Amino acid sequence: MKKINFIYILFAFATLQSCTGDLDVVAEDSRVLTPAELFSTPQGYKQALGGVYGNLSLTGTGDAGSSFLQGIDAGTSQFGRCMWYLQNLTTDEVVWTYENDEGTAELQRNIWSSANPILLGMFSRTMAEVALANDFLRQSTPALLSSRGITSPADVAEINFYRNEVRVLRAFAYYNMMDLFGKAPFVTENDPLDFKGPQYNRQQLFTFIEKELNEVIPNLKAARTNEYGRLDKAMAQMILAKMYLNAQVYIGTPKYAECMAKCQEVIAGGYTLTTKYLDNFKANNHTSSEMIFTLQSDGVKTQNYGATTVMINGQVGSVESNGAEFAVGGWGGALRLRKQFVEKFDGSQFNNDERKTYSAGSRPIDIADLTNAGQGYILRKYSNKTSTGVAGVNSTFVDTDFPLFRLADAYLMYAEAQMRKDGATNTNNATTATAQSLTYINALRQRANGGATIANVTQSQVNLDFMIDERSRELHWEGHRRQDLIRFNKYGGGSYNWAWKGNIANGTSIPSELNVFPLPSASITANPNLTQNTGY
C-alpha cells in the first residue's frame, strides 16, 4: 500500500469568504486546538499544510460522507469529482446514467443554471482552498514563528517551503475559478477576516496567478525531489503552461511561446513516459515516472467519493458485471461513452492502441436514453488493481490517484502551442520546433502501441484538427476536455456537436455564453472560530 504523505488537519480560521456567503464549518469530533497550540511546533505546521493539500482529496475529517461544507452533499463538493463533472461530463466523452443525482442531468445535457448544486460544490470547495491557504500564510509569518519559539534555521527554511507550496495551491484554486467561472472573489492573507473581497475578472486573476507563480517557482523544490503528494516547481510550471495555452480565451492575448517555454521546463525536470500507458491509471500509479501532481486516493486512509472512485466504479457495466476486472463492486453502468469519443479510435491505425480501452460487446454505440445503462460503450481505462494485478485494499473506495498533471499533457501542449505560434505543421518547411512537436506526438503514439512505430504520424498528417482529437485519445477522463473544446471553438458557439449536447439526442449547438459557468446562486453560511485536528 502506498504511503499517504499528508495528515488532514482542518485548522483554525474565523471565516471562509465567498461571494455568495460564508462557508459553514462544523466540528466532527471533540478534539479542538487553538492556533497557538497547533502552531506551537514545526510538526504542527506540517499538519496544517496537510489540511491545505487534504482539501483537494477529502471533504471532511470523518468518513466518506463527512464534510465541513454544510448544506451540500459531501460527494457533490469533493474537488476532484466536481472538477471532473464540469470538465468531462459536460463534453463528448461520457454520460452518467443516474440523472436523479442532483445536478448531473443538467450538466451532461448542457442546460445548467446558477442553481446547480455541483457548481455550488466546486465553487465552495475551491474558495475553501483559498481560505485555508490564506490562514496558513497568516499563521506562518516570520514574526509569528519567532514569537512561538520556532527559530531553528532548518525549521524556518522548511516552513518557508510550506508557505511557497501553499501559495501555489492558492494560485491553482484561482486558476480553476478563472477557467470555470471567469471570475472570483479575491482575498489574500493580507485582508482581515470576514473581509468580502472584490470580484476579480479573468484579466485580474490571470495577472495575479502569473505573478504569484513566477515569484515562488525559484523557491520551490526541484521537480521530483519533494515527497510524494506535495508539489514542486513542475506543478507551478504546468499551471502556467495551461494558462498560457488558454490565454487567448482568458485575456484575448496569445501566449504560445510562453506556453512552449514552460512545457520545456517541465519536460526538463526529469519525468519520463511510463512504459505502459494504462499503468498511469492503476492502484499503484503513484510510482509512475510521468506523474507531476495527483489527487491522492487510498481505500483506507482517504475514503471519499472522488473522481477515481466514481470513474472506476462507474466503469462496471450493467450487462458485463465486470467489477472483478477493476477490483470494485461497481455501480452497474453508471458511466458510458458518447459515440463521438468512440469514433476517435476508428481506423486500423488504432487496432493495437492501448488507449482504446472501450468495450462494445452487445451494446449499441448510440445512446437513445441517457438513463438506460445498457446503451453506449463502457471504458476500461482506470482500475483499482496495481500494475501487477493486486487488488486495492477496498472494493468501494479506490487506491488509484487522480492524474491531475502528467508529462504526456506537457508534450501535447508544447506541440499545440507550437502549431498555433508557427502555423500548422503540415508544410514543407520543417523547423527544429516542428520536429520536436512531431517527436513528442510520436513518443505517445509509440508508447500506446507497445513501442511499435506502426501508428506514428508524419508532418503532413498533423494539424490542429488532429491535435484536438489526439488530446482526447491520450487524456480522456482526466479533467481537460471542456477546456480543450473551448480553446478550439468547438464548445459553446462552435461547430462540433455530440450526443445529447444541448439536450438533443443527436446533439445541437449551444450558446457561447455556456463557455463560462455562472457563479452559484445558493450560499453556505459560516460557523466561525473552529479549530479541529484529526489525522491518520
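This is a predicted model: local features need pLDDT of at least 70, side-chain atom pairs count only at pLDDT 80 or more; totals for chains, interfaces and linings use all residues.
A residue is called buried here when its relative accessible area is under 20%, exposed when over 50%, and partly exposed in between (1.4 Å probe, protein chains only). Residues are numbered from 1 along each chain as its sequence is written, and side-chain values use heavy atoms, with hydrogens and water left out.

So what does R406 hold on to? R406 forms a salt bridge with E290, with 2.9 Å between the closest N and O atoms; a salt bridge means a side-chain nitrogen of Lys or Arg within 4 Å of a carboxyl oxygen of Asp or Glu. The two residues sit 116 apart, linking distant parts of the chain: R406 belongs to strand β7 (residues 402–406), and E290 to the loop between α11 (256–267) and β5 (291–295). Helices (H or I, at least four residues) and strands (E, at least two) are DSSP runs, numbered from the N terminus. E290 is buried as well, with a relative accessible area of 0%. Both residues also belong to a network of salt bridges, whose members include D353, R355 and K381.

Now look at the strands themselves. β5 is mostly covered, with 5 of its 5 residues buried. β5 and β7 run antiparallel and are joined by 4 bridges; strands count as paired if DSSP finds at least two bridges between them. One to pick out is L295, whose bridge partner in β7 is F402.

Elsewhere, K344 and D469 make another salt bridge, their closest N and O atoms being 3.9 Å apart. K344 lies in the loop between α14 (339–342) and β7, and D469 in helix α17 (residues 464–475), so this pair ties together parts 125 residues apart in sequence. K344 is buried at 9% relative accessible area, whereas D469 is partly exposed at 26%. In total, the structure holds 41 salt bridges.

Last stop, a helix pair. The axes of α7 (residues 153–180) and α8 (residues 202–216) come within 9 Å and cross at roughly 155°; axes are lines fitted to C-alpha atoms, for helices over the stretch in contact, with angles from 0 to 180 degrees between N-to-C directions. The two helices are therefore roughly antiparallel, a label for angles over 145 degrees, with under 35 counting as roughly parallel, 65 to 115 as roughly perpendicular and the rest as oblique.
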